[in-house]
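Hi there,

Here is the structure I promised to pass on. Have a look at it first, and then read my notes below.

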Amino acid sequence: MINVYVPRDTTALSLGADAVADRLTREIQQRSVSARVVRNGSRGLFWLEPLVEVDTPRGRMAYGPVTPDDITALLDHGMLEGSESHPLCQGVTETIPYLRNQQRLTFSRVGIIDPLSIADYRNHGGFRGLERALTLEADQIVDEVELSGLRGRGGAAFPAGRKWRTVLEADPKRPGQPWSGHKFIVCNADEGDSGTFADRLLMEGDPYVLIEGMVIAGLAVGADTGFIYLRSEYPNAHRILTEAITRAETEGYLGTNLRGSGRTFNLYIRLGAEAYICGEETAMLDSLEGKRGMVRAKPPLPAHHGAFGQPTMVNNVLTLAAVPYILAEGGQTYADYGMGRSRGTQPFQLAGNLARGGLVELAFGVTLRSLLYDFGGGTESGRPLRAVQVGGPLGAYLPESHWDTPMDYEAMADVGGMVGHGGIVAFDDSVDMAQQARFAMEFCRVESCGKCTPCRIGAVRGVEVIDRIIANQDRTDNLALLQDLCDTMEMGSLCAMGGMTPNPVRSALQFFPDDFARPAGNVGG
C-alpha cells in the first residue's frame, strides 16, 4: 500500500487541499492502484501548498503546488512511484533547502504524521516525555524545565521554569471557595498577533504534543485540570483538538488514572472572545471565567491567584509544546541550542511581502537577514525590502541596518525590537511608514479593553495626532506631542497593549522620518 499525503491544515485547505484529496482518491480508485490518501499537517512551506507527498524507498517525494487538474498528469507521470519527470516535482521532501536547513524540535512531527493517529504519534517518539514525567517527582520535572532554559514563547519571554516552580509552591487552599485545593493549567492559544500562525499550524498538525505538554505541566505543579483558551477564528484547529482530546481520553493519556499511574488530568477547550486583549493572560482568565475580557492589575500574579481564584500556570502553545522534547531528551539537550539566555529553538513565521512565506524553526541566533532572504527568498513583488516588523503589531519596524542582529531576546531588545511570538512581517519599498504608525495606534484604539485611560484615550488621540502630521498641520508641534503621548502610554498603561503600542510608532519615526515629512496628501509617494 502506497501512502500519499495531502495536508488538512487551514492554509492548505484555503488553497484547495480538500479538492486535491478528493480528486486523488477518485483517480486512485479508478486506476485500481494500491494506495491510500493520508491527511497530514502542513510542513509550513506555504508557497508549495497544497504539497502532495508520496512514500518511496528514497523517502517522501514532494509535488507542489498541486491543483485538482494536475492529478491526472501527475499520476500519468508516475507520481505514485516517486517519478521526478513532472515539473511540479520538488524532489525528496527532506532535501528541499527551506526544510533541510531547519532545526525542528517542537515541529519535528508536523507534516509527517497523521495528526489524529495516536499510534503514529507514538511511533514518532510521542509520549516519551510523559512516560518519563510519570516516574519523576514534581520538583524533578520543574528542574528539567529550568535546566532547559525555556522561556515563554508568547512574547514576554519569562523563564518558564521559574513560573512553574512558583505555581508548584503556591498554596491552593482557599477556605470557603468552591475551587479551594485546585490548581489549573491554562494554555493561551488565542494567537492574535499579525503574521503569526505557529500555534494553529502545530495544533492542526500535531495536537498530541500540546496535550502531552499540558499533562506534564499538570504533573509538575500539582494541577488536575487544564484549559486550552483557543482563538475562536480557528474552527479547524477546534475540530482537530476536540477529536484528539477524545482519543487521548480513550487511550488513558487524559482523565483519571493516567496510564495506570493513579494520577488525574482533565483537559477542556474554551473558545476565545474574538478580542486581541484576551491574549493578555489576566484578560484571558476573566474571559475564561465567563466575564468580559478585562486586564487585571498585578499583583496578585496568576501563579498565586489565577483562574477561579486558584494558583494557575499560564503558558502559550509553543511553550507547552516544547516540554515533551525537554522531558524526553533532557533539559540540557534542549539548552544546547541557542545563544546567550535565549535557549532552544524558536518557530519563526515568515509573512507579508515575501516570496516564500511559511514556518521556519531554528535555534536562537539566526539573523533576520537570513530568514528574509535565505528562507523567505526576498519580496514577492520583486521590489527591494524596506521594513520588517518582528513580534506582532506591538513590535518595532526595523530597517535594513538592523537585519544582521541575531534573533535573541536581549540582542533584539538592544536595537529596540523584540522576538515576541516569532512573527515576521516584511514590507517592500512601496510601504508608507507614517500610515503604518497610524495603523499601530488604530489597532490599539480598536482592541483596547478600555480599563486604563492611557490606552483607552491615548490611542484615540494618537490616531488624531498622526492624522494631523500626515495632513501637514503644525507638523513640528504635533510630532513633539506624539512623542509625549507615547511616553504617557508607555509609562501609564496597565498592560502591554497600551504600554507597547508606542514601539512601532517610535520606530517608524526614528528609522523612516521622511515618511512623516511628505507634503500633505502624498501618501506612498
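**Starting from Ser448**

Ser448 is found in the loop between H17 and helix H18 (453-470). Before you read on, keep in mind that this is a predicted model. Is Ser448 buried or exposed? Ser448 counts as buried, because its relative accessibility is 17% and the cut-off for buried is under 20%. Leaving aside residues up to four places away in sequence, Ser448 touches Cys455, Arg456 and Met497. Now try finding Tyr276: it sits 172 residues from Ser448 along the chain, yet the C-alpha atoms of the two are separated by 8.2 Å.

**The sheet and the helix across it**

Next, look for the open sheet of 5 strands, which come in the order E13-E12-E16-E14-E15 with mixed pairing. Strand E13 (358-363) and strand E15 (397-398) are at the edges, and each has a single partner strand, so one side of each has no neighbour in the sheet. If strand pairing is new to you, strands of a sheet pair through backbone hydrogen bonds, either parallel or antiparallel.

How do strand E14 (residues 385-390) and E15 run, parallel or antiparallel? They run antiparallel, and 2 bridges join them. To spot this pair on screen, find Gln389, which stands opposite Tyr397 in E15.

Helix H15 (residues 368-375) lies across strand E12 (345-352), E13, E14, E15 and strand E16 (423-428). Relative to E14, H15 runs at about 120 degrees.

**H19 and H21**

Helix H19 (residues 475-492) packs with helix H21 (residues 502-511) at an angle of about 150 degrees, and their axes are 10 Å apart. Since angles over 145 count as roughly antiparallel, H19 and H21 are therefore roughly antiparallel to each other. The crossing of H19 past H21 is left-handed.

Which residues meet here? From H19 come Leu479, Leu482, Gln483, Cys486, Asp487, Met489 and Glu490, and from H21 come Pro502, Val505, Arg506 and Leu509. Sorted by class, this contact has 7 nonpolar, 1 polar and 3 charged residues. Here is a handy thing to remember when you look along a helix: an α-helix has 3.6 residues a turn, so residues three or four places apart point the same way.

H21 also has buried residues, namely Pro502, Pro504, Val505, Ser507, Ala508 and Leu509. What covers them includes E14, E15, helix H17 (433-447), H19 and helix H20 (496-500).

**Some backbone details**

- The bond from Glu49 to Pro50 is cis, with omega near -5 degrees; Pro50 lies in the loop between strand E2 (35-38) and strand E3 (52-54).
- The bond from Lys298 to Pro299 is cis too, with omega near 0 degrees; Pro299 lies in the loop between helix H12 (281-288) and strand E9 (312-316).

Finally, check phi at these loop residues:

- Phe127 is not a glycine, but its phi is positive, about 70 degrees. Phe127 is in the loop between helix H5 (118-123) and helix H6 (128-133), and is buried with a relative accessible area of 1%.
- Ala157 is not a glycine either, and has a positive phi of about 60 degrees. Ala157 lies in the loop between helix H7 (138-148) and helix H8 (160-169), and is buried with a relative accessible area of 7%.

Happy exploring!

Definitions and conventions
Residues numbered from 1 in each chain as written. Predicted model: local features only at pLDDT ≥ 70, side-chain atom pairs only at ≥ 80, totals over all residues. Heavy atoms only, no water. Axes fitted to C-alpha atoms, helices over the stretch in contact; angles between N-to-C directions. Helix = DSSP H or I, 4+ residues; strand = E, 2+ residues; numbered from the N terminus. Parallel < 35°, antiparallel > 145°, perpendicular 65-115°, else oblique. Left-handed = near helix turned anticlockwise from the far one by under 90°. Contact = heavy atoms within 4.5 Å. Nonpolar A, V, L, I, M, F, W, Y, C, P; charged D, E, K, R; others polar. Pairing = 2+ DSSP bridges. Buried < 20%, exposed > 50% of the residue type's maximum accessible area, 1.4 Å probe, protein only.
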